Amino acid sequence: MSIFPKSRVLAPIDFSELSLEAIQVGLEVVDDPSHLYVFHVLPHLNPGEPGVMWRTVDDETRQKHVEETFREQFSGPEYEKVNFSSAIGTPSEEIIDFANASKIELIVISSHGRTGIGRFLLGSVAEKVVRYAHCPVLVLRR
């Protein structure tokens, strides 16, 4: 008997090395890779950015690029059934909304381990997810 649910596991990533470990932990927890959901949140575009002003960058192309990047990095047969999606917004809010909408049973998230003023200024996505998620959250640290 495992202490972790195995049906619907979410691994939010920001493409940092530590966040990519959440995918490996998620694969270890689930019985079938199709039960693992990998999720990336892009920040809102700043209207003053040159790409936005020149209309060469938009949200749709950004999301396609992120999915292509994920599929390139994780092209092995063990990743074929992994569900990948992305959203645009505030990371902690989007992760919690996705988990609720997808009926996620466990969230495996990495923490960069910032403390002091860095944590105060940047906030902690992992902390907010732990605080507001409807399901158990496994936090990975270095």
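## A pair in the sheet

Valine 41 has alanine 87 of strand β3 as its bridge partner. Helices (H or I, at least four residues) and strands (E, at least two) are DSSP runs, numbered from the N terminus. Two strands pair if DSSP finds at least two bridges between them. β3 and strand β2 (residues 36–42) run parallel and are joined by six bridges. Valine 38 also takes part, standing opposite phenylalanine 84 in β3.

## Basis of the model

This is a predicted model: local features need pLDDT of at least 70, side-chain atom pairs count only at pLDDT 80 or more, and totals for chains, interfaces and linings use all residues. Residues are numbered from 1 along each chain as its sequence is written, and side-chain values use heavy atoms, with hydrogens and water left out.

## Chain overview

The chain holds six helices and five strands. Along the sequence they follow the pattern β-α-β-α-α-β-α-β-α-α-β.

Of the 142 residues, 39% count as buried. Buried means under 20% relative accessible area, exposed over 50%, and partly exposed in between (1.4 Å probe, protein chains only). Take the contacts in the chain with a separation of 6 or more: residues 24 or more positions apart account for 75% of them. Contact here means heavy atoms within 4.5 Å.

## The sheet

Five strands form an open sheet with parallel pairing, in the order β3-β2-β1-β4-β5. The edges are β3 (83–88) and β5 (137–140). Each has a single partner strand, so one side of each lacks a neighbour in the sheet. From one strand to the next, the twist averages 25°. Angles run from 0 to 180 degrees between N-to-C directions; axes are lines fitted to C-alpha atoms, for helices over the stretch in contact.

Helix α1 (residues 17–29) packs on this sheet. α1 touches β1 (9–13), β2, β4 (106–110) and β5, and its direction makes about 170° with that of β1. Helix α6 lies across β4 and β5, at about 160° to β4.

How many residues of β2 are buried? Seven of the seven are, so the strand is largely enclosed by the rest of the structure. In a regular strand, side chains alternate between the two faces of the sheet. In β2, Leu36, Val38, His40 and Leu42 point one way. Tyr37, Phe39 and Val41 point the other way.

β1 and β2 pair in the parallel sense, over five bridges. Proline 12 stands opposite phenylalanine 39 in β2. The chain goes from β1 through α1 to β2, a right-handed β-α-β crossover. Right-handed means that, with the strands pointing away from the viewer, the path from the first strand over the helix to the second runs clockwise.

## Helices α4 and α6

Two packed helices are described by the angle between their axes and the distance between the axes. For α4 (residues 91–101) and α6 (residues 125–132), the angle is about 35° and the axes are 9 Å apart. Their crossing is right-handed. A crossing is right-handed if the near helix is turned clockwise from the far one by less than a right angle, and left-handed if anticlockwise.

Pro91, Ser92, Ile95 and Ile96 make the contact from α4, and Val125, Lys128, Val129 and Tyr132 from α6. By class, the contact has six nonpolar, one polar and one charged residues. Ala, Val, Leu, Ile, Met, Phe, Trp, Tyr, Cys and Pro count as nonpolar; Asp, Glu, Lys and Arg count as charged; the others, Gly among them, count as polar.

## Single residues

Glutamine 24 sits in helix α1. At 33% relative accessibility, glutamine 24 is partly exposed. Residues up to four places away in sequence aside, glutamine 24 touches Phe74 and Tyr79. Glutamine 24 and valine 108 are 84 residues apart in sequence, yet 9.9 Å apart in space, C-alpha to C-alpha.

Phenylalanine 15 lies in the loop between β1 and α1. Its phi is near 70°, a positive value in a residue other than glycine. With a relative accessible area of 22%, phenylalanine 15 is partly exposed.

Lysine 103 is in the loop between α4 and β4. Although not a glycine, lysine 103 has a positive phi of about 55°. Is lysine 103 buried or exposed? At 62% relative accessibility, lysine 103 counts as exposed.
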